[in-house]
Amino acid sequence: MTGHRALIAIRGNEVAWRFDRTAEALVCDIAEDGTVRSRSEIIFARQSPEDLCDYVLAHGIDTVVAGAVEEEYYHYLRYKRVDVIDNVAGEIEPALARLASGRLASGDILFPGKEG
Amino acid sequence: MTATDKADLIAAGMVDLPGLLDALPMGAAVYDGDGKVVHLNLLLQRLTGFTLDEARGLPCRHVLRTATCGRDCPHLRQGGCEQSLITDIVNRGRRRIPVRLHTRCVPDRDGNTLYRMDFVEELVEQGADGMATRKSGKGALIGKSAAMEHILVTLPEFARSDRPVLLVGETGTGKDLIAECVHETSLRAKRPFLRMNLGFMPADLLEAELFGRAAQEGAGLEEIRGRFAEAAGGSIFFPELSDAPLSLQKKLAAFLETGAVVPLGATTPQPIDVRLLFATQRNPDELADKGLLDPGFYNHLSAMRLDLPPLRERGEDLPFLLAYFAERFAERFKKNVRGFSPEAMSVLAEYPYPGNVRELRNIVEYAVMTAKSPLIVPANLPVYVPVAPAAAAAVPPGRGPAPDAPKKPARGKKDPAGKGSGS
């Protein structure tokens, strides 16, 4: 099975503005043609970037999407060969749609009226 | 124009408010009633990394990104006005910046809140070395070598346990950092982390300091609470295991066996929940052979032992560490240093780093401080970093290696010419 697995750090119906203050995540399997094959929400026991990193590595996540990601976690994930698309501001669905179509980039602002 | 006339201009809204906010010596943000950004002054634009165009209309939580945004938002608590708190932001450059945040409401003439404002004061957070602190957590462990991979995989397992940990490694290999990391990634993270150096006190005072002492009125001795009691629920880190006298080791072994300590002068054991973390620069097996480690105590420590590799065995990690520290010191010294010249890289790749990562960091700090160009050259390195002669001998023009010669990294040499070109 090809494609990739992504984790979007979320807060309510938005991409979490702080990776280190996140206790929820949306995990998606995205096929090569951009179809979202599966999606599941994960709730962590606490807001912990360490737990999130452990989860990412333990579950074969290829891409992490979040708002602010502090440099130490950013570098840690990058060294672990995980793509990090950070500084994303917006609601979950537009972010997922862009991610699935391969158009999501760090720094994207996706709130209505602000899409780049 | 009189002072009253000028006051009228403010009242009439004829003052350049954005200009006024830009002149403030702290960050300022103005939000509408929905918490969407109306204005960011220049200083806050620099601090957050958002331009005004990018930020305008965004929910404030996506721009300021403080640790309190969300459920603890100061604007949502008690009306949100007139509050001050210390928190941090993470800017678009991925830097965490401690700040003091003051929230204020701007009412209209009828007293209804028209705007909300945040004033953001950057706080300087420095460690003893002057570097920005917060260098704990796994991200502070930089590297992708097999040895570091092993450590990064092992640490979560260590963090989950309550057993004592023994970290063995040369000076500068990161024992303190890893001990802190084990604590911070454990369920004890919100409880105290105490660092206890055993080398300075006589054994009897040490035991009172650690385990506490009951008041002894006749002898005029006051009660001492003890470090174990202070660290209850958390962890105590002993940075040099070999400093622990044998008598203390036996008591520590008894604590690891029973989970209780007996303060000096008391008879009843007191149960205390504390995790013990130890480190040593010396070979613990040799210490045990020489009788400097109590066998029972050493048995407890052997279960969770982590040997930290010296930097010379982590060649793969060197470029990452150099780039990481160069970036941090360039930011700290506000210098336009982007990296290392190939010659400087060759010199640094050859150096054995007896002081390990700590020494590497000091070398980079010196190099960034003395660099006059965007690339650090051998001349910027401290004089004690030896330079192999190959790179020193300048290759005369037109007499370089043959085009098909094997590509071997050049070895830099610090020579007067190098100094001239580098600074």
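Student: Where in chain A does A:N87 lie?

Tutor: A:N87 sits in the loop between β6 and α3 (92-100) of chain A. Helices (H or I, at least four residues) and strands (E, at least two) are DSSP runs, numbered from the N terminus. This is a predicted model, in which local features need pLDDT of at least 70 and side-chain atom pairs count only at pLDDT 80 or more, while totals for chains, interfaces and linings use all residues. Residues are numbered from 1 along each chain as its sequence is written, chains are lettered from A in the order in which they are written, and side-chain values use heavy atoms, with hydrogens and water left out.

Student: Is A:N87 buried or exposed?

Tutor: A:N87 is buried, with a relative accessible area of 8%. Buried means under 20% relative accessible area, exposed over 50%, and partly exposed in between (1.4 Å probe, protein chains only). Its phi is near 60 degrees, a positive value in a residue other than glycine.

Student: And A:R81, what is its phi?

Tutor: Phi of A:R81 is near 65 degrees, also positive in a non-glycine residue. A:R81 belongs to the loop between α2 and β6 (83-85) of chain A. With 57% relative accessibility, A:R81 counts as exposed.

Student: What order do the elements of chain A run in?

Tutor: From the N terminus on, β-β-β-β-α-β-α-β-α. That is three helices and six strands.

Student: Which element of chain A has the lowest mean pLDDT?

Tutor: α2(A), at 84, whereas strand β5 (residues 63-65) has the highest, 97. pLDDT is the predictor's confidence in each residue, from 0 to 100. The mean for chain A is 92, and 97% of its residues reach 70 or more.

Student: How many salt bridges between chain A and chain B?

Tutor: Five, each a side-chain nitrogen of Lys or Arg within 4 Å of a carboxyl oxygen of Asp or Glu. One pairs B:R96 with A:E70, where the closest N and O atoms are 3.8 Å apart.
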